[in-house]
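Visitor: I am new here. Could you walk me through this structure?

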Amino acid sequence: MNDTTILSQALEFHGHKCWASTAGVRLGLGAMEALGVSRAGSKQLHAIIETGDYHGGMCFGDGIQFTTGCTFGKGNIEKTGEGKFAVTLIDKVTKRSVRVAYRPTLQPQIKATPFMQKRAAGVPPTQIPEAEQLEVVTLVWDAAVEQVMSVGPVLESSWSEPEEVVRFFVCPSCAELVAEPYARVANGEVVCIACSGYPR
Ligand SMILES: [Zn+2]
Ligand SMILES: [Zn+2]
């Protein structure tokens, strides 16, 4: 891949350099290319990623967020929790979707790098020398498309989301701003969940 601008910006956002965030960047770009769309400034795209919680390689999600504009803050990204490295990108405007999955052809090489050896031994990525971080990034970035991803067919998508509620209230108990659907009635007062004492 020639244009490294998006890669360096994504890694800057991510906080360190690693194979999984780089794979996320490549797959995010691949999914956008398959659909012929550009980064979502608003919520025209929706991403469903298949990573889970508390496992290696979750960094994949940051590459997807950065490239597609499907972000935690906008709420147009979700995780299926399957511990897999794939993304289904949905174009809400044209009602089409594509699933792009990471292909593990490079995994033996990635696993053998000093970076991954140290990660496996519990060293945080930020404490691994920059050159060793870059080695895994380059492996994934410079690989041929077929080595790192399989791009599924572009399909019609019936995915839809509930309408967004753009109303808020100030909780009389803690004086903090709360989105209206999260209001609870406790002791005759409309309060936030924390002040209601009800379970989240
Ligand atoms: Zn990472
Ligand atoms: Zn409150």
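## Zinc sites, cores and a pocket

Guide: Both His-16 and Cys-18 are buried. Keep in mind that this is a predicted model.

Visitor: Which atoms coordinate the zinc ion (ligand 1)?

Guide: The distances run from 2.0 to 2.3 Å. The donors are His-14 (NE2), His-16 (NE2), Cys-18 (SG) and Cys-59 (SG).

Visitor: What spacing do the donors of the zinc ion (ligand 1) follow along the chain?

Guide: The 4 donor atoms of this site make angles of 96 to 122°, and the site is tetrahedral. Along the chain, the spacing is H-x1-H-x1-C-x40-C.

Visitor: What is the arrangement of the donor atoms around the zinc ion (ligand 2)?

Guide: Cys-171 (SG), Cys-174 (SG), Cys-192 (SG) and Cys-195 (SG) coordinate this ion at 2.3 Å. Four donors count as tetrahedral if all angles lie between 85 and 135 degrees. Here the 4 donor atoms subtend angles of 98 to 115°, so the arrangement is tetrahedral.

Visitor: How many residues apart in sequence are the parts that Cys-171 and Cys-192 tie together?

Guide: The donors of the zinc ion (ligand 2) follow the spacing C-x2-C-x17-C-x2-C. Cys-171 lies in the loop between β7 (168-170) and β8 (177-179), and Cys-192 lies in the loop between β10 (189-191) and α8 (193-196), so the pair ties together parts whose separation in sequence is 21 residues.

Visitor: Is Cys-171 buried or exposed?

Guide: Buried means under 20% relative accessible area. Cys-192, at 10%, is buried. Cys-171 has a relative accessibility of 1%, so this residue counts as buried.

Visitor: Which element gives the largest share of the largest nonpolar core?

Guide: This core has 32 residues, and Trp-19, Phe-60, Ile-64, Leu-89 and Tyr-102 have the most contacts inside it. Elements giving two or more residues include β1 (45-49), α3 (60-68) and β3 (86-91). The largest share, 7 residues, comes from α2.

Visitor: How many residues are in the second, separate core?

Guide: Leu-11, Val-25, Val-137 and Trp-141 are among them. The count for this second core is 7 residues.

Visitor: Which elements give two or more residues to the lining of the largest pocket?

Guide: The volume of this pocket is about 260 Å³. Its lining includes Cys-59, Gly-61, Asp-62, Ile-77, Glu-78 and Lys-79. Cys-59 also coordinates the zinc ion (ligand 1). The elements that give two or more lining residues are α3 and β2 (77-79).

Technical notes. Residues are numbered from 1 along each chain as its sequence is written. Chains are lettered from A and ligands numbered from 1 in the order in which they are written. This is a predicted model: local features need pLDDT of at least 70, side-chain atom pairs count only at pLDDT 80 or more; totals for chains, interfaces and linings use all residues. Side-chain values use heavy atoms; hydrogens and water are left out. A nonpolar core is a set of buried Ala, Val, Leu, Ile, Met, Phe, Trp, Tyr and Cys residues joined through side-chain atoms within 4.5 Å. Buried means under 20% relative accessible area, exposed over 50%, partly exposed in between (1.4 Å probe, protein chains only). Helices (H or I, at least four residues) and strands (E, at least two) are DSSP runs, numbered from the N terminus. Donors are N, O and S atoms within 2.8 Å of the metal (3.2 Å for Na, K and Ca); water is not among the atoms, so sites may look incomplete. Four donors count as tetrahedral if all angles lie between 85 and 135 degrees; four count as square planar and six as octahedral if opposite donors are over 155 degrees apart and all others between 65 and 115; anything else is irregular. On a 1 Å grid over the protein atoms alone, a cavity is a set of points where a 1.4 Å probe fits but cannot get out, and a pocket is an open set with protein on both sides within 12 Å along at least five of seven lines; lining residues have an atom within 4 Å of a point. Grid points are joined across faces, edges and corners, and a volume is the space filled by probe spheres set on the points.
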